[in-house]
Amino acid sequence: MSNRNSLKPTCDCAIDRALHHDENYIFITGAQKQSDSPSGKSYIAYFIRIGVNDIETKRRYSEFESFRKALTLLHPALIVPPIPEKHSLVDYAALQTRVKDDLPMVEKRKRMLQTFLNRVAKHPELGKDHVFHRFLESGGSWSDVLHSPPLSTLPKNPLQMVISKQPDVQAHTFNAVLSSNLIPTPSAAYQLKNPDPRFEESEKFTFRIANYMSNNLDKSQRKVIRRLGELANDYAELGAVYNGFSLNETGAVANAIEKVGQAVDASYTETGQMVTSLEGEFAEPIQEHAQFAQIIKQVLKFRHMKHAQVELIENSLNNKKDTLDNLLRMENEAKRLEEAMTRERTIGANAVNVDELNQTTEEEENPYRTMSNSSSSTVRLDRPSSGGNWSGGPMKVISAVGHTLQNIIDVNPEATRRNQIGMSKDAMGVLQEALDITKTDLTAISTELQADLDRFQTEKIQDMRDMLIAYAKIHIRYCQKNLESWQEARAEVDKIPIL
């Protein structure tokens, strides 16, 4: 059973049904220069056909580019296949003609864009995405797709989007909780406190492979292709020289020289054919897998950032908990202090004059006591002083000074503190909800990414096998064709009489 048949259709559109037939393959049948208006800028349109069906459409390179970008935004934890790279400024300067008129470049893009579409179609998740189906729809406006859901609802920062399917949380859309200013944004340089050993090893391996393929294998292969092309041009010049030389001779010698020239011409033809075959069946797959290595680096980086986001949210939540505990402790201390002050004021207001009680008793016992005793000092708990009436002693003084300082800083410290407690609780609620979402998301992303890495590894091994077999067959064919030509030349040389 094919990979496509193993997929369950997610929609009942015509494209979805067409892609699930075994015989259906996506072809790019041609490329044509077009313009939206007589005076408008021209572009190359690539014609797409699905298998033997009548479903055809055309897309320009920039639409392929925006489509692939849309898939990476919708599925940041999946390995989205690459498309052929844009020409660099050096390529633009080196080409004699305009890039859009460069036929080899157009043919290369046709092959690589066709590979891209079929890789997406075979992918167990990307092939089911309705955005992919709409890209292949006949006559549909791609601009309308870009400006409609789900693409129009995607946040600029993928960390503000929920990737996994969660209850009561809509996936692949802007999430208000994750976009709150309370949620910390991790940096690429953040070092994980508790990294996952599986992905830590995957990152090291991928970085090493990406550097090797980009800086060694791809460069070396490009160099070989370029030198083979130069060799083919040299063969063309040499063949013309031998053919001209044969005109200066007669008889068997002239025939032998001409045959050698024809063999050289055949070498030119076969070398050119080998260059073309190596480009399509070996060099382009090498370039594609060099791009894949960079793509996997980006996907692993996204998972790293999601893991960092979880750790930073946990850290922020713990800090908020500590802040709330301090505020609650201060609130409890303030309440105890207020209760103590209330008790002091109550005792001060109900203080009893002991001398008056004693005097009243003495007067009752001795009514003839002189009135001079009435001026004696009384023992009170609340003593008058030149500085004012302080009930409660030193505690009252300290409390008054503390309140005075707080009033200088804050008009209403109790209300401010209670407001901070409320805001801390609200912030903890947001952070806790964000932590639950991101933890679930991280688990789902890790599972999804590991499955896609395993799938890609299997696919890569098959690709490498096919590439090496194609590489061997191309050289075998080249050697066989050259052997036949040179055997014929030798037979003609053997006819030259030796005196």
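Modeller: Before we start, contact here means heavy atoms within 4.5 Å, and please keep in mind that this is a predicted model.

Colleague: Okay, which residues is Phe64 in contact with, leaving aside its neighbours within four places in sequence?

Modeller: Phe64 is in contact with Ile28, Tyr46, Ile48, Arg59, Ile83, Leu113, Phe116, Leu117 and Phe135, once its neighbours within four places in sequence are left aside.

Colleague: And which residues touch the most other members of the largest nonpolar core?

Modeller: Phe64 is one of them, together with Leu117, Phe132 and Leu136, in a core that has 43 residues. Several elements each supply at least two residues of this core, including strand E1 (26-35), strand E2 (42-50) and helix H2 (61-74), while the largest share, seven residues, comes from H4.

Colleague: What about another core, apart from that one?

Modeller: Another core lies apart from it and has 16 residues, among them Leu324, Leu431, Ile437 and Leu442.

Colleague: Back to H2, which of its residues are buried?

Modeller: The buried residues of H2 are Tyr61, Glu63, Phe64, Ser66, Phe67, Arg68, Ala70, Leu71 and Leu74.

Colleague: How far apart are the end C-alpha atoms of H2, and what span should its residues give?

Modeller: At 1.5 Å a residue, the 14 residues of H2 should span 20 Å, and the end C-alpha atoms are 20 Å apart, so the two values agree.

Colleague: New topic: where is the cis peptide bond?

Modeller: The cis bond joins Pro149 and Pro150, with omega at about 5°, and Pro150 is found in the loop between H6 and helix H7 (197-246). As background, most peptide bonds are trans.

Colleague: Last one, how many helices and strands does the chain have?

Modeller: The chain has 11 helices and five strands, and 37% of its 499 residues count as buried.

Methods. Residues numbered from 1 in each chain as written. Predicted model: local features only at pLDDT ≥ 70, side-chain atom pairs only at ≥ 80, totals over all residues. Heavy atoms only, no water. Core = buried A, V, L, I, M, F, W, Y, C linked by side-chain atoms within 4.5 Å. Buried < 20%, exposed > 50% of the residue type's maximum accessible area, 1.4 Å probe, protein only. Helix = DSSP H or I, 4+ residues; strand = E, 2+ residues; numbered from the N terminus. Expected span 1.5 Å × (residues − 1).
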